Amino acid sequence: MVGLRMDISVLLEPLGFVKVLEWVLAIFVFATCGGFQGETALLVSCEGVVNKTVTAAFAYPFRLNTAVFSAPDPKGCGGTWTDICLMGDFSSSAHFFVALAALVFLYCVTALVVYIGYNHVYQQNNKFPLTDLAISVLIAFLWLVSTFVWAKALADIKVSTGASIVPGIESCKAPGTTCHFLSVTSMGILNVSVVFGLLNMILWAGNVWLVYKDTNLHSQWNRISESPTERV
């Protein structure tokens with residue numbers, strides 16, 4: 001391939017090493033959020049049923065309004081039990097967060113190919129560092145936005161799958177029917193996904209500075225700042 005010069009020593013330099021970290025963290029975000037599966041469980045007693053566990057399963061992308069609780073018995077508590085869904089659709093926030101991780105993963109792979117195989121071209125043509133700088137600024141901003149949007153959605157998901165849902169279930173208000181919140185799958189892994197989002201934001205903000213130093217903008221600024229001193 002014309003112009004290809006393999007040099008893996010670039011990975012030991014700050015710019016290459018940080019890009020590898022960004023690549024790994026993007027995978028962690030995708031895995032911790034995109035791979036989640038859980039369920040909410042209630043304990044129901046009604047006509048002909050005593051302490052029956054009913055569950056509603058949910059998973060990424062967290063369209064909770066499609067998660068239906070199983071019926072306590074085939075007769076539906078004597079006809080008083082109707083289909084009950086969890087409340088809320090948080091798919092847009094989850095999709096935004098995971099899609100960004102997927103796109104960042106692909107960009108990191110592309111950037112690493114350029115760094116390792118075409119670093120001489122990258123250093124000689126200022127258009128590449130400037131493009132890299134613009135994309136890095138955009139990605140840092142998107143990590144900031146998507147992480148906080150996802151953190152807010154996660155807080156709402158916890159409320160929509162927790163004990164507070166019981167008072168709003170109409171079937172549980174039927175005469176002779178009692179419902180008690182039993183459990184919900186731990187969302188610790190989703191908390192970790194938010195942490196990874198924050199780490200990505202910090203890492204990409206640092207990456208902006210590393211890329212900036214490779215552009216002619218940095219060298220021009222140095223010349224401007226040194227000029228007054230030289231004249232004195």
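Mentor: Happy to! Let's begin with a term: helices (H or I, at least four residues) and strands (E, at least two) are DSSP runs, numbered from the N terminus.

Trainee: Good start. What sort of model is this, and how are residues numbered?

Mentor: This is a predicted model, in which local features need pLDDT of at least 70, side-chain atom pairs count only at pLDDT 80 or more, and totals for chains, interfaces and linings use all residues. Residues are numbered from 1 along each chain as its sequence is written, and side-chain values use heavy atoms, with hydrogens and water left out.

Trainee: Where does UniProt place the feature "transmembrane region"?

Mentor: The unreviewed UniProt entry puts it at residues 96–118, 130–151 and 189–212. UniProt positions are given in the numbering used here, feature names are shortened, and annotations may be inferred rather than shown by experiment. As for residues 130–151, that span is 100% helix and 0% strand, with its end C-alpha atoms 32 Å apart.

Trainee: And how many helices and strands are there in the chain?

Mentor: Seven helices and three strands. Their order along the sequence is α-β-β-α-α-α-α-β-α-α.

Trainee: What about overall shape?

Mentor: The C-alpha trace spans about 90 × 45 × 20 Å along its principal axes. The radius of gyration of the chain is 26 Å, whereas a compact globule of 232 residues would have one near 17 Å. That radius is taken over C-alpha atoms, and the globule rule is 2.2 Å times the number of residues to the power 0.38.

Trainee: How much of the chain is buried?

Mentor: Buried residues are 41% of the 232. Buried means under 20% relative accessible area, exposed over 50%, and partly exposed in between (1.4 Å probe, protein chains only).

Trainee: Switching topic: which residues are joined by a cis peptide bond?

Mentor: Tyr60 and Pro61, with omega of about 10 degrees. Pro61 sits in the loop between β2 (49–59) and α2 (76–79). Most peptide bonds are trans, and most residues other than glycine have a negative phi.

Trainee: So which residue in that loop has a positive phi?

Mentor: Phe62 does, with phi near 65 degrees, and it lies in the loop between β2 and α2. Asn51 also has a positive phi, of about 50 degrees, although it is not a glycine. Asn51 is in strand β2.

Trainee: Are those two, Phe62 and Asn51, buried or partly exposed?

Mentor: Phe62 counts as buried because its relative accessibility is 0%. Asn51 is partly exposed, at 48% relative accessible area.

Trainee: Now helix α6. What does Asn207 touch there?

Mentor: Asn207 is in helix α6. Leaving aside neighbours within four places in sequence, Asn207 is in contact (heavy atoms within 4.5 Å) with Leu15, Val18, Lys19, Glu22 and Ser136. Asn207 counts as buried because its relative accessibility is 0%.

Trainee: And Asn191, where is that?

Mentor: Asn191 is in helix α6 too, which covers residues 188–212. Asn191 counts as partly exposed, at 33% relative accessibility. Not counting residues up to four places away in sequence, Asn191 touches Leu154 and Lys158.

Trainee: How far is Asn191 from Pro175?

Mentor: Asn191 and Pro175 are 16 residues apart in sequence, and their C-alpha atoms are 39 Å apart in space.
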